[in-house]
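Good morning, and thank you for coming. Please look at the structure on the screen while I describe it.

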Amino acid sequence: MIRRPPRSTLSSSSAASDVYKRQELGFDYIRTDYRYSAIYENGEWNQGSLTEDDQILIHEGAPTLHYAQQCFEGMKALTTANGDVCLFRPSLNWERMNSTAPRLLLPAVPRELFLGAIEETVRANYSWIPPYGSGAALYVRPMLIGVGENLGLKPAEKYEFRVFVSPVGPYYKDSGMAMISLAVSEFDRAAPNGTGKFKAGANYAGGLLATLNAQGIGANEALYLDSANNKFIDEAGSANIVVFTKDEKFITPSSDAILPSITRRSIMELAEIELNLMTEERPIDLRSEFQNFSEMAACGTAAVLAPVGKIWFDEKWHSMPGNENSDSSVMKNLYELLVGIQRGEIEDKFGWLHSIDIGL
């Protein structure tokens with residue numbers, strides 16, 4: 001039995017407390033006390049347990065190293081206004097991991113194991129959860145990797161499901177709604193019949209150079225267009241895209257090559273139900289439709305909802321006319337609705353929050 005320290009005596013402790021007070025948290029890895037590990041072998045999962053060891057001892061022939069047989073998820077644990085610790089729609093993360101797993105010939109992770117491991121890891125690292133009002137969160141990373149001896153191009157015979165956590169601040173430098181810029185990449189992120197709609201590690205390795213190139217011309221992120229025609233918006237390097245048009249439609253790209261974002265799904269629901277906007281999921285031709293864009297944003301667990309101020313394409317910058325952070329901004333209203341629910345400041349009438357029994 002692992003004993004949790006009380007929150008008032010932050011383990012590793014003064015360091016974590018000082019970070020929160022100085023609001024120095026970025027989106028970087030910070031080692032916390034415990035993580036959870038379970039092993040799949042001979043057709044079944046073991047019971048799994050918490051461990052203090054942040055190192056994974058892995059065979060040099062492991063398929064995760066050579067053939068990228070791996071997938072992951074990302075979510076946040078937040079302290080709400082009434083002091084509860086909540087996750088945001090974690091069952092959808094479980095569903096997405098188990099839609100990715102068969103595509104990569106990974107074993108399914110049972111719902112009880114997935115949610116139980118996350119709850120146990122968050123509970124054991126309670127001291128590291130940023131307090132309400134800090135603007136920070138405890139990022140939760142469930143991962144599933146092929147381990148064990150292997151050499152040929154074939155699935156692993158052994159797998160590890162692991163959950164670790166790290167306190168994080170905003171993904172972009174500014175707190176709240178950071179205004180960002182995007183640059184259309186010359187690279188393709190994924191083909192429609194490839195692995196683009198799955199949260200596979202290999203998808204992100206291929207985007208590192210695109211992101212570096214985008215940053216080289218002053219953008220925060222790369223923006224990918226479809227691989228077939230190089231005209232329809234797919235997604236940004238680490239986030240999905242939503243657009244509010246001048247004719248007052250709230251649209252998002254439809255493509256078999258983009259990740260089904262839980263944040264995007266929630267934002268689309270809020271736009272339709274709470275703001276009474278007409279929503280559409282359809283192909284969006286960047287060049288022919290850009291003049292009809294009023295606002296645009298990147299959205300995801302890490303980014304939350306970040307308005308786009310300008311986009312680089314056709315060798316020049318194109319400014320977005322309506323993304324001022326004013327009270328009339330649709331993106332600002334949606335951001336405040338989303339984070340208000342996540343923080344327990346707005347009634348969760350959708351049942352999206354998953355409360356964790358901390359047991360104090």
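Let me begin with a term: a polar contact is a pair of N or O atoms within 3.5 Å; within protein, one must be able to donate a hydrogen and the other to accept it, and residues adjacent in sequence count only if both atoms are side-chain atoms. This is a predicted model, in which local features need pLDDT of at least 70 and side-chain atom pairs count only at pLDDT 80 or more, while totals for chains, interfaces and linings use all residues. Residues are numbered from 1 along each chain as its sequence is written, and side-chain values use heavy atoms, leaving out hydrogens and water.

I turn to one residue, E289. Its side chain is joined to that of R282 by a polar contact of 2.9 Å. E289 lies in helix α8, residues 286-289; helices are DSSP runs of H or I with at least four residues, strands are runs of E with at least two, and both are numbered from the N terminus. E289 counts as buried because its relative accessibility is 17%, buried meaning under 20% relative accessible area with a 1.4 Å probe, protein chains only. Leaving aside residues up to four places away in sequence, E289 touches I251, R282, P283 and I284, where contact means heavy atoms within 4.5 Å.

Now the whole protein. Nine helices and 18 strands make up its secondary structure. Of its 360 residues, 51% are buried. The C-alpha trace spans about 60 × 50 × 35 Å along the principal axes. Among contacts between residues at least 6 apart in sequence, 71% join residues at least 24 apart.

Definitions and conventions
Buried < 20%, exposed > 50% of the residue type's maximum accessible area, 1.4 Å probe, protein only.
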